[in-house]
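The following exercises are to be worked with the sequence and the coordinates at hand. Each task is followed by a solution in steps.

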Amino acid sequence: MSTGTSHPGRDRRVIVVWMVTSVALFLVMVTLGILMRLAQGDVMAITPQTFYALMTMHGLGMAGTLFSAGIAMVWYVAARHARPSRLAMWIAWALFLAGGLALLAATLIGKFAAGWYTLYPLPFLKATWPGWSTGLTIVSLMAMGVGWLVALLDILRALAVEHGIARMFAWDRFGAGAGREAAPAGVLIGAVCAVAGVLGTIVGAASLMMYLFQWFAPATQFDPLLLKNSMFMFGHTIVNVAMYCGIGVVYELMPGFTGRPWKVTKTVAVAWNATLAFILFAYFHHLYMDFAQPVTLHVIGQIASYSSAVPATAVTVFGLGGQLHRSGLRWSFVPAAFTLGILGWVLGGITAVVDSTIAVNLVFHNTLWVPAHFHTYFLVGFVLLLFGFVHHLLGSRAERLAKSGLVVMLTGGYLFVLMFFLGGLWSVPRRFASYQAIPYPDLVAHATRFAAWGAVGGSLFLLGALLYAASLVTGRQPAPDREG
Ligand code: HEM
């Protein structure tokens, strides 16, 4: 049943271009992150205005870049089992690049600094940045959003045409067709990611239209709680989906290393459909402190947070165990990066679920615990899956250099996130350009020390990522030798 498109070489080119763009932007965003940690560690001076502009660019840039990379990974999987459109993917790439460059201008030149989810009405209230940078940020996010919609809707079309709706979501596992062969696991996860990504992006687009409206007509007023809900539905959903896109690639490619199929059983089907059903409501956990939000929604947020994360994590961990156990696998870079990436995802996920528990969130809310958990599942989770994928895509032969990069990235990455976790345990507040004005000398001393060590960890991670990038260049194979 698996078909794939008729031009694997051209498919590969579009994904290579997406990946080079994503990895390059990612490295720029890491550098901005290190600058922030150096400022918080009192190692270098950055004005608050510049700090918050860097923070906004870093947050939006990371979320946008990694979600874009995730979409390209899902497209790669879809192109092995269906016929998605390359043209749609090139259009989406152009919009992603244009949006990314415009965002760099809005934040680094225009100093737009409202934070990554641009909490309404912050961008319009006594802003320290010029109006054009607010407008440019809104338009650049809309451009990226249109690109994501083009790519994701086309992926869904292609999967539905090739497999049919019931098979692509593995609903056929429960009916009369259960005896027949299931669609590959990568198709199921790709379909889940595409639907959730489309719904999140549509809600984001509607919210951004309201922002744009207010930018043109400043006297307009919208309901801040409604916009907080919709911006979190957008932002939280796309960052979670990015992670799942990476997991989909592991399901797709790991069997190539272990020689065992990764089967879509009934349990796997239920788990990923649960993720699709609940991921859209998990974002309520960001609003626990909003007393105007109905309490029922807080409770739904806690239930949805557990229900979207736990089943998918459990089947993936058991599935990976089944793949690895006595498989005789040779631990080359790709399976090592995939396995360690899943580990980072699980660790970050556990600490996220902890924070989504209402009783715990009362204490951890807006402390460094929050960036700690999502940096864990991204930096030492998704990014390792991404790097494993790119290594595989380019057919890199520089195993030793890539593995050295991996060790340095892990050392730096875990040191970096550990400092955020320690900050969280000490109740260090997040989003402080400098800790010096906090009236508790003991807390200031700890927060500053954690930040300086965090900068060391971040710099080590960057060094490892550069070693990895060098391995891609030195290990490139001539095109004809490569696997599709
Ligand atoms: C070594 C790499 C990285 C470094 C050094 C770094 C550093 C930082 C720092 C210092 C902050 C501000 C923390 C605070 O005080 O609230 C931050 C926030 C943030 N980071 Fe990173 N980060 C890195 C990687 C990542 C990755 C991989 C992602 C992927 C999603 C990411 C997404 C974000 C987001 C969304 C924020 C919140 C921005 C906001 O509050 O508006 N970062 N990062």
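Helices (H or I, at least four residues) and strands (E, at least two) are DSSP runs, numbered from the N terminus. The model is a predicted one: local features require pLDDT of at least 70 and side-chain atom pairs pLDDT 80 or more, whereas totals for chains, interfaces and linings use all residues. Residue numbers start from 1 along each chain as its sequence is written.

**Exercise 1. The fold**

Solution. Step three: along the principal axes, the C-alpha atoms fill a box of roughly 65 × 50 × 40 Å.

**Exercise 2. The ligand shell**

Identify the residues that come nearest to the ligand and the element with the largest share of the shell.

Solution. Step one: a residue counts as near if its C-beta atom, placed from the backbone, lies within 6 Å of the molecule. Step two: 27 residues are around the ligand, and Gly33, Gly59, Gly115, Arg430 and Gly458 come nearest. Step three: two or more shell residues are given by each of α1 (8-40), α2 (48-81), α12 (369-394) and α14 (441-474). The largest share, seven residues, comes from α2.

**Exercise 3. The nonpolar core**

Describe the largest nonpolar core and the contacts of leucine 188.

Solution. Step one: such a core is a set of buried Ala, Val, Leu, Ile, Met, Phe, Trp, Tyr and Cys residues joined through C-beta atoms within 7 Å. A residue is buried with 20 or more other C-beta atoms within 10 Å of its own, exposed with 12 or fewer, and partly exposed in between. Step two: the largest core has 159 residues, and Val74, Trp75, Ala151, Ile155, Leu188 and Phe382 have the most contacts inside it. Helix α2 gives the most to this core, 21 residues. Step three: contact requires C-beta atoms, placed from the backbone, within 7 Å. Neighbours within four places in sequence aside, the contacts of leucine 188 include Met168, Ala183, Val264 and Trp272.

**Exercise 4. Methionine 209**

Is methionine 209 buried or exposed?

Solution. Methionine 209 lies in helix α6 (residues 185-216). Methionine 209 is exposed, because 12 other C-beta atoms lie within 10 Å.

Conventions: Two residues are in contact if their C-beta atoms, placed from the backbone, lie within 7 Å.
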